[in-house]
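Please report on the local packing and strand pairing of the model shown here. Keep it brief and organised by element.

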Amino acid sequence: MRTRIRNLGILAHVDAGKTTLTERVLYLTGATHKRGEVHDGTTVTDFDPQERDRGITIFAAAVSCDWAGHRLNIVDTPGHVDFADEVERALRVLDGAVAVFDAVAGVEPQSESVWRQADRHGVPRLAFVNKLDRAGADLDTAVASIRDRLGTVPLPVQLPVGREDAFTGVVDLVHLRAHLWRAGTDTYGTGPVPEDLAEEAVRRRHRLAETVAELHPAALEEYCAHGTLSPETLTAALRDLTLSGEAVVVLCGSAYRNRGVEPLLDAVVAYLPAPADLPPVRGDEPADPTAPLTALAFKVTTTPLGRMTYLRVYAGTLRKGDTVLDSTTGRTERIARILRVQADRTAETDRAVAGDIVAVVGPKAARTGATLCAADAPPVRLEPPVSADPVVSVAVEARQSRDTERLAVALARLGEEDPSLTVRTDPESGQTVLSGLGELHLEVAVEKLRRAHGLDVTVGRPKVAYRETPSGTVTGLTYRHVKQDGGSGQFAVVVLDVAPLGDGDGDGDADGEGVDASGRDLVFRSAVTGGRVPQEFVRAVEAGCRDALADGPLGGHPVTGVRVTLTDGATHVKDSSELAFRTAGRLALREALRTGGTTLLEPVVEVTVTAPDSTVGTVLGDLTARRGRITESTTHADTAVLTATVPLAALFGYATHLRSRTQGRAGFTTRPAGYAPAAERR
C-alpha cells in the first residue's frame, strides 16, 4: 500500500489552469460526475464563497481520487503571491508536485516563485504545459522558458498533434505512439504516430534518449551499446532523474478541453515518489505503519464540524479515539474523529496509516507545525513549515463597541488558521493592527471577519512594514554598564565594531536594490583574545545585540543587515553576569546605531504588467510616477509585458487604477523583491 500512494500538489501562476486541471483529474478518475468550471463557480476545490466571487484559488484544498490502482492525494494550491504561505505549508507535507505552465506565457513570475519554494523543500516535480489550444501556444517556447528561467533540465516526453484550435492529441515519445482525443467526447484512442509527425517524433525521441543518457549512468551504458534506449530503461531513468531533481519531465495538453490529462496521471504514477520512496522518519522502514505514530499538522480550520486539523502521517497508524502527544507543547490530545477530505466534504474513517493525508477533529490546541506522536513512545519533533514575515498592515476595529471582544476572538482564530496573519496592539494608538503578506491577503481576511464571523468592522489605510539598516561604520565603541544599588551589582564593559552587512564581506548590493530584510538580520562574531570576556558572556552580548534590533533609532522600525564584532571587554570578579553583558550588548549596539546612523528601507515588489501595445506609454508613465524602475520590456503578438521594481506602498489600489487607465485591458502580477532604501525612491 505504501507504494500505491501519491501525495502531490498542483502548483502554478494565477490563471495557468491548475484548478481546471484538478477538476478534470477528479472527473476522469470518477471522483466527481460533473466537470466543474472556474468561470461558473462550480469547482470542487474553490469552494469558499470568496474564491468563487473572485475567480481565484485562495486556500489550499485537499482532494483524493484513484487512478491505475493508486491513491492520489492532491492539494490544489493558490497561484497568487499574497497566498504563497498556503503553498509553503502544503509543500512541507507533499512528496511530489505538478507545476502547470501556460503554453503562451511560459514561466511567469509566480511560476518561478512556487518552483523555488519546491526547490527549498526538495519536492520532485513534473511540468505540464497547459492551454495548448490557445492562439500563440507553443510547447518549444514554454520548454525553453523552463530551461532558461528555472535553471533545470526539461525533458519533453510528448509532441503535440496539431496547433492551437487544431490541437487534438499528443505523441508519446517514450513508446512512440499517439493519443488522440475525439471531438465532442472525453475519451481518447491510442494508435500509431501520424505520418506527418513520424520523422519529427523519431528525431525528438532520439534527442530525449541522448539527454537522459548524459544524466543517467545506467542509461548511458545501454545508449552506448545500442544507440537508443528501450521504453523500460527510459521510463526507469526518467523516474530516477525526477526523484533526484536533476531533470523535470515535461508533458502537455489542454485541461479545459480535456486533452492530455490521462497521460499526465499515468506520469504521476510512473515518475513521482510514493511515501515508501522517502527516508524513514521513525523506524527502520519509510512510511512504516507499525512504527510509533508520527504526524505533522500543516493546516487548521474551523468548520461546522468543529476545529479541524489537517495531518500528514509519516509513520505509524492513527486510530479514532487515540490519545496522542503534541511534542511541540507537551500536551496530550484526543482524536475524536478521522476524516478523509474532499475539499469541503468529508467522509469518516476509523484509521489513517503512514503516507495518508487526513483531517482530524478533537485536538483543541494543536497549531500549524505541531508534531503529533505516540504518547507511549519517545517524543519527536518534525520541522514545521516556515511562515513569511508580514509586509502590509491595516488597523481593524469593531464598529460597535459591544463587538470588541468578538473581534478579538475572531482575529485569534484567523491567526490559528493562517500563521502568516499576525495581530498586535499598537502601543501608541491602542489600535488593533492586522498584518499580512499583501493587500489582497488582508482584504480576504477582513471579508472573512464579515462573512464567517458576522462582524461589522472598519479598516484603516494599509501600511507597509519598514526596516532600518546601518548607513555607516562605527569602530571601537566602548560601552560601560555599571550599576550598584545594594548587594551584587552589574558590571560589563564591551567594545564593538558595527558595520552594514556587505562592508568587506560580499553581502552588499551595489545599487541598493533588493536588500534582504528577512534572512540576515545580524552577523555576530567575537575577536576577543586572552579570555578577557568568557564565552558565556560573549553569548549574552550577542543576545543583547539581537534585542537591540527590535527598534531602530530612525523611526522605531526593526533593524536588519548588521555586522557586529566584539573586539574587547572587561569583567568584574563579583559583579559580572550574563544579564549585565546582555544589557551592555543591547545598549552598546543602540548607541552605535545612533552614532553611525541608519537608512530607512521599504518593501519593494517586482511587478509584471501585461497590456496591449497601444497602452504601453500610459502604463510606463504610471509606473514611473509610482517610483517604479523598469527592468524589462518585451512584446509578443501585439501584447507588451513590462517588468518593474516598485515600492509596495505605491501599489495600493493599483489594480483599479490600471483597469481604468487601460479600459480594463491590462493585468498585473507581483512577487516580493526584498527591501530597498526608501530615500532613493523619493
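Which residue in β25 is the bridge partner of Glu 397? Thr 458 is the partner. The model is a predicted one.

Strand β22 spans residues 392-398. Six of its seven residues are buried, so β22 is largely enclosed by the rest of the structure.

β22 pairs with several strands. With β25 (residues 457-459), the pairing is antiparallel and runs over three bridges. The Glu 397 and Thr 458 pair belongs here. Strand β24 (residues 432-436) is joined to β22 by five bridges, again in the antiparallel sense. Within β24, Val 433 is the bridge partner of Ala 395. Strand β26 (residues 463-464) also runs antiparallel to β22, with two bridges between them. There, Val 464 stands opposite Val 392.

## Helix α9

Helix α9 covers residues 261-271. Nine of its eleven residues are buried, and the helix is mostly covered. The buried set includes the aliphatic residues Val 261, Leu 264, Leu 265, Val 268 and Val 269. Glu 262, Pro 263, Ala 267 and Tyr 271 are buried too.

## Helix α14

Helix α14 runs over residues 616-625, and its buried residues are Val 616, Val 619, Asp 622 and Leu 623. They sit on the same side of α14, because they cover an arc of only 135 degrees around the axis. The face turned away from this buried side carries exposed residues: Gly 617, Thr 624 and Ala 625.

What covers the buried residues of α14? The cover includes three strands, β32 (598-612), β33 (629-636) and β34 (639-647). Helix α15 (654-661) is also part of the cover. After α14 comes Arg 627, whose phi is positive, near 65 degrees.

## Cysteines

How many disulfides does a search of the whole structure find? The count is zero. Cys 65 has 2% relative accessibility and so counts as buried. Cys 252 counts as buried because its relative accessibility is 0%.

## Aromatic rings and arginines

The structure holds five aromatic pairs. Arginines also lie over ring faces. Arg 125 lies over the face of Trp 115, at 4.4 Å from the ring centre. Arg 312 lies over the face of Tyr 314, and its distance from the ring centre is 4.6 Å.

Note on methods
Residues are numbered from 1 along each chain as its sequence is written. This is a predicted model: local features need pLDDT of at least 70, side-chain atom pairs count only at pLDDT 80 or more; totals for chains, interfaces and linings use all residues. Side-chain values use heavy atoms; hydrogens and water are left out. A disulfide is a pair of cysteine sulfur atoms within 2.5 Å. Buried means under 20% relative accessible area, exposed over 50%, partly exposed in between (1.4 Å probe, protein chains only). Helices (H or I, at least four residues) and strands (E, at least two) are DSSP runs, numbered from the N terminus. The arc is that of the directions from the helix axis to the C-beta atoms. Contact means heavy atoms within 4.5 Å. Rings of Phe, Tyr and Trp (its six-membered ring) pair if their centres lie within 6.5 Å; planes under 30 degrees apart count as stacked, over 60 as edge-to-face and the rest as tilted. A charge sits over a ring if NZ of Lys or CZ of Arg is within 6 Å of the ring centre and within 35 degrees of the ring normal. Two strands pair if DSSP finds at least two bridges between them.
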